[in-house]
Amino acid sequence: MNAQTNKNAEIVTLQLEENGNFPNNSNLPVLLYKNAFDFAEGDPASTIEKVLAANNWNNSWRNGIFSYQHYHSNAHEALGVYSGWAEVQLGGPGNEPVRIEKGDLVVLPAGTAHKRIDSGGGFAVVGAYPDGQRYDMNYGEAAEKQEAVKNIRKVPLPSNDPLFGAKGKMFEFWK
């Protein structure tokens, strides 16, 4: 177990169904690891990057979450909050926002719509994708949905939980 992770992180699951032109992922729930990271030492963003990379979640970037609905049909995505807080709408229009804050990790299965509604405290995340996956961008347009649904079905399960590795808690929920 990595000393930079909280082995007692609470995992909240959110099962999202199709929402109009947003396919979401009816087979895999969104996983919200509350207080996933221990930032006792060093730069919080670097801590998250190191933990994710050690578990083969790569192609990382630092930024926020877009303020418009979007999803990735060909990749799962992990978002580790290293600063501030945000209210994020998951699953498309009409869904209640979820609050995420520094130390949390959100794992979005391929197809999950997400949008930042509000944020504060210098909100920022590290994003990463498992096993070398490269993401596409989809916006909930009718013309993209059929191809997106095909892509989502082809995305394999990650080889590792982004926080806990090959035998991580993710695999209790993602089968």
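This note goes through the nonpolar cores, the aromatic rings and the salt bridges of a predicted model.

1. Basis. The model is predicted, so local features need pLDDT of at least 70 and side-chain atom pairs count only at pLDDT 80 or more, while totals for chains, interfaces and linings use all residues. Residues are numbered from 1 along each chain as its sequence is written, and side-chain values use heavy atoms, with hydrogens and water left out.

2. Main core. The largest nonpolar core holds 24 residues, and Tyr33, Phe37, Leu52, Leu105, Val107 and Leu163 have the most contacts inside it. A nonpolar core here is a set of buried Ala, Val, Leu, Ile, Met, Phe, Trp, Tyr and Cys residues joined through side-chain atoms within 4.5 Å. Two or more residues come from each of strand E2 (30–34), helix H1 (44–54), strand E4 (77–90), strand E6 (105–108) and E7. H1 gives the most, with four residues. Helices (H or I, at least four residues) and strands (E, at least two) are DSSP runs, numbered from the N terminus.

3. Neighbours within four places in sequence aside, Leu163 is in contact with Thr5, Tyr33, Ala36, Phe37, Val51, Asn55 and Leu105; contact means heavy atoms within 4.5 Å.

4. Aromatic pairs. The whole structure has six aromatic pairs. Rings of Phe, Tyr and Trp (its six-membered ring) pair if their centres lie within 6.5 Å; planes under 30 degrees apart count as stacked, over 60 as edge-to-face and the rest as tilted. Phe66 and Tyr68 are stacked, at 4.8 Å centre to centre and 15° between the planes. The pair of Tyr68 and Tyr139 is tilted, because the ring centres are 6.1 Å apart and the planes stand at 45°. This second pair links distant parts of the chain, 71 residues apart: Tyr68 is in the loop between strand E3 (57–63) and E4, and Tyr139 in the loop between E7 and H2.

5. Aromatic surface patch. Ring pairs join Phe66, Tyr68 and Tyr139 into a cluster, and these residues also make a nonpolar surface patch of about 290 Å². Patches consist of residues with over 30% relative accessible area and no salt bridge, with like charges joined within 9 Å and nonpolar side chains (Val, Leu, Ile, Met, Phe, Trp, Tyr) within 5 Å. Areas come from the Shrake-Rupley method with a 1.4 Å probe, and for residues only the protein chains shown count as cover. Phe66 is partly exposed at 40% relative accessibility, as are Tyr68 at 35% and Tyr139 at 38%. Buried means under 20% relative accessible area, exposed over 50%, and partly exposed in between (1.4 Å probe, protein chains only).

6. In one of them, the closest N and O atoms of Lys145 and Glu18 are 2.4 Å apart. Lys145 lies in helix H2 and Glu18 in the loop between strand E1 (10–14) and E2, so the bridge ties together parts 127 residues apart in sequence. Lys145 is buried at 15%, whereas Glu18 is exposed at 53%.

7. Salt-bridge network. Glu101 and Arg99 form a salt bridge, with closest N and O atoms 3.3 Å apart. Salt bridges that share partners join Lys34, Glu87, Arg99, Glu101 and Asp104 into one network.

Definitions and conventions. Salt bridge = Lys/Arg side-chain N within 4 Å of Asp/Glu carboxyl O.
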